[in-house]
Every structure is written in C-alpha cells, then in structure tokens.
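Please open the structure in a viewer and keep the selection tool at hand.

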Amino acid sequence: DIFRHHSPTSINTYTYWDMKTFARDRNVGWRIDYFFCSPEVLPHIKETGIMSDVFGSDHCPIFLDLDFVRGSTLVLVGSVEVTSTGARNQTNQFTHD
C-alpha cells in the first residue's frame, strides 16, 4: 500500500463514503482504493495522495506521481471497481520517451 508507506501516520483519510448514510458529511469512511507496487518501483514514487475534496461519486480519486528514466516502460493497473454484479479492471501501459 503505497499511500500508507508514504503517509504512515495519516488518520481519517478515506477514499469511500456510504452515500445512503451521508457518511462523507461526517467523514466516516473506508480507504478501499489503493496503489500497490513491487519493491523495485518504490524508489521511483515521488508522491501519492487522496483527493478527498473531489466530489461526484462515493469514491474520490487517488493519484500516484512516478519518476522514471527516459525509455522506461511501466504497466499500471488503473481503477478497479467492484459492484454487486462483479468487478471491472482496467490496465494501462505508459512509455516515457
């Protein structure tokens, strides 16, 4: 969990709030959106964060800022959305020239 690695003392930092109970208004939520990486990628992570001030869903965006040398190829797993009918997983590949 890259966010926890970079922010080990962060508390009350969530990525999901139940809309039926207006949990976001009270900041009662869960941190269920994550970035994971291999140990080899960890030194290339400049910043990670949770954008809890962005509204529009019961989840908020999370971000990851990476720094790789020119010509590196990195495969990232995008968002994973779990619903009552199953899961959708999107994979993206980025190449820095």
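Predicted model: local features only at pLDDT ≥ 70, side-chain atom pairs only at ≥ 80, totals over all residues.

Residues are numbered from 1 along each chain as its sequence is written, and side-chain values use heavy atoms, with hydrogens and water left out.

**The whole chain**

Begin with the protein chain in a cartoon view. Two helices and four strands are present, in the order α-α-β-β-β-β along the sequence; helices (H or I, at least four residues) and strands (E, at least two) are DSSP runs numbered from the N terminus. Of the 97 residues, 22% count as buried, where buried means under 20% relative accessible area, exposed over 50%, and partly exposed in between (1.4 Å probe, protein chains only). The chain exposes about 7,100 Å², of which carbon and sulfur atoms supply 55%.

**The nonpolar patch**

Next, select W30, I32, Y34 and F36. These residues make a nonpolar surface patch of about 460 Å². Y34 lies in the loop between α2 (23-26) and β1 (45-50), and it counts as partly exposed because its relative accessibility is 37%.

**Two backbone positions**

Now select F22, in the loop between α1 (2-6) and α2. F22 is not a glycine, yet its phi is positive, about 55 degrees. Most residues other than glycine have a negative phi. With 56% relative accessibility, F22 therefore counts as exposed.

Move on to N27, in the loop between α2 and β1. N27 also has a positive phi, about 50 degrees, without being a glycine. Its relative accessible area is 33%, so N27 is partly exposed.

**The cavity**

How many cavities of 30 Å³ or more does a search of the whole structure find? The search finds one. On a 1 Å grid over the protein atoms alone, a cavity is a set of points where a 1.4 Å probe fits but cannot get out, and lining residues have an atom within 4 Å of a point. The largest cavity holds about 50 Å³ of space. To see its lining, select D1, F3, R31, D33, Y34, F35, T48, I50 and I62.

Methods
Patch = residues over 30% accessible without salt bridge, like charges linked within 9 Å, V, L, I, M, F, W, Y side chains within 5 Å. Areas by Shrake-Rupley, 256 points an atom, 1.4 Å probe, with all protein chains shown as cover. Salt bridge = Lys/Arg side-chain N within 4 Å of Asp/Glu carboxyl O. 1 Å grid on protein atoms, 1.4 Å probe; cavity = no way out; pocket = protein on both sides within 12 Å on 5 of 7 lines; lining within 4 Å. Points joined across faces, edges and corners; volume = space filled by probe spheres on them.
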